[in-house]
Amino acid sequence: MRRRAVKALIALFPLLLALPVHADWQLDPGQSRVQASITQLNGEAPQTHHHQVRDLQGDISSDGTLRLPLKLSQTDVLERFGELPPWIGLLVNTTLVTLEAQMPPERLDGLDIGESLVETLTFSVQSDMVNQQESVPLRFTREGLNEIRVTHAEPMAMDGRALMANTTVRTVMSLLGYQEIDEHVPVTLNALLVNR
């Protein structure tokens with residue numbers, strides 16, 4: 001009986017080695033943020049303001065799907081208001097947009113410490129009435145055994161018209177005094193993926 005069990009384990013060993021091993025890569029919210037520079041066009045002269053979306057949360061599933069929901073509570077917008085109207089509390093944890101892309105986890109798993117790769121991800125931007133795609137070249141750099149830094153590989157920008165087409169985003173922008181913004185909204189990304 002013991003001999004059969006040992007033979008079964010020996011037979012399973014090559015099979016276990018053949019199975020793909022993927023890291024469970026997740027964004028570290030404390031070290032993942034995006035900054036956007038919005039130029040306000042309504043007024044006497046254009047003025048540029050900087051805003052942050054921090055505490056980015058998302059992960060890469062085993063099938064390579066990266067999902068990144070963005071909520072109002074992750075922005076610095078609320079800090080810019082004095083006393084908030086009661087109804088704004090309903091929007092605080094509402095997902096404004098969800099970004100989705102495909103990123104094969106085995107590409108990340110194969111990086112050595114100090115090594116980088118540039119991957120152009122096509123993000124689907126999904127929200128109420130806006131469904132568009134943007135290709136974004138990102139640089140992935142392995143900083144440690146379980147840490148990969150993600151930055152943009154070349155200058156990035158969002159489409160200001162698409163932002164203002166989103167009802168929730170437009171409402172928040174109006175509360176901040178933005179009636180009209182430049183169509184070019186530069187963005188910087190600094191995020192950390194960790195293997196949990």
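Just after helix α6, G177 takes a positive phi of about 95 degrees. Helix α6 itself spans residues 167-175, and its buried residues are V169, V172 and M173. These three cover an arc of only 100 degrees around the axis, which puts them on the same side of α6. The arc is taken from the directions that run from the helix axis to the C-beta atoms. Buried means under 20% relative accessible area, exposed means over 50%, and partly exposed lies in between (1.4 Å probe, protein chains only).

## The model and its confidence

This is a predicted model; local features need pLDDT of at least 70, side-chain atom pairs count only at pLDDT 80 or more, and totals for chains, interfaces and linings use all residues. Residues are numbered from 1 along each chain as its sequence is written, and side-chain values use heavy atoms, with hydrogens and water left out.

The predictor's confidence in each residue is its pLDDT, on a scale from 0 to 100. The chain averages 80, and 80% of the residues score at least 70. Helix α1 (residues 2-18) has the lowest mean pLDDT, 40, while strand β9 (residues 147-152) has the highest, 96. Over residues 4-23 pLDDT stays under 50. For that stretch the model has seven contacts beyond four places in sequence. A contact means heavy atoms within 4.5 Å.

## The chain as a whole

The chain has six helices and 11 strands. Of its 196 residues, 37% are buried. Among contacts with a separation of 6 or more, 61% join residues 24 or more positions apart.

The chain exposes about 11700 Å², and carbon and sulfur atoms supply 54% of that area. Accessible areas come from the Shrake-Rupley method with a 1.4 Å probe; for residues, only the protein chains shown count as cover.

## The nonpolar core

The largest nonpolar core has 42 residues. Such a core is a set of buried Ala, Val, Leu, Ile, Met, Phe, Trp, Tyr and Cys residues joined through side-chain atoms within 4.5 Å. L138, F140 and L193 have the most contacts inside this core. Strand β11 (residues 184-195) gives the most to the core, with five residues.

Leaving out residues up to four places away, its contacts include L117, V118, L121 and F123. V150, A153, M156 and L189 are also among them.

## T188 in strand β11

T188 is found in strand β11. At 41% relative accessibility, T188 counts as partly exposed. Residues up to four places away aside, T188 touches R33, V34, Q35 and H152. S37 lies 151 residues from T188 along the chain, yet their C-alpha atoms are separated by 8.9 Å.

## Salt bridges

Side chains of opposite charge can pair when their charged atoms come close. A salt bridge here is a side-chain nitrogen of Lys or Arg within 4 Å of a carboxyl oxygen of Asp or Glu. A search of the whole structure finds five. One of the pairs is E119 with R107, at 2.7 Å from N to O. This pair links distant parts of the chain: E119 sits in strand β7 (residues 116-127) and R107 in helix α4 (residues 105-109), 12 residues apart. E119 is buried, at 15% relative accessible area. R107 is partly exposed, at 38%.

E143 and R149 also meet in a salt bridge, at 3.3 Å from N to O. E143 is partly exposed at 41% relative accessibility, whereas R149 is buried at 18%. E183 forms a salt bridge with R161, the closest N and O atoms being 3.7 Å apart. Here too the pair links distant parts of the chain: E183 is in the loop between α6 and β11, R161 is in helix α5 (residues 160-165), and 22 residues separate them. E183 is partly exposed at 46%, and R161 is exposed at 54%. Salt bridges that share partners join D159, R161 and E183 into one network.

## A positive phi at D55

D55 lies in the loop between β3 (47-53) and β4 (59-60). Its phi is near 55 degrees, a positive value in a residue other than glycine. At 33% relative accessibility, D55 counts as partly exposed.

Key. Helix = DSSP H or I, 4+ residues; strand = E, 2+ residues; numbered from the N terminus.
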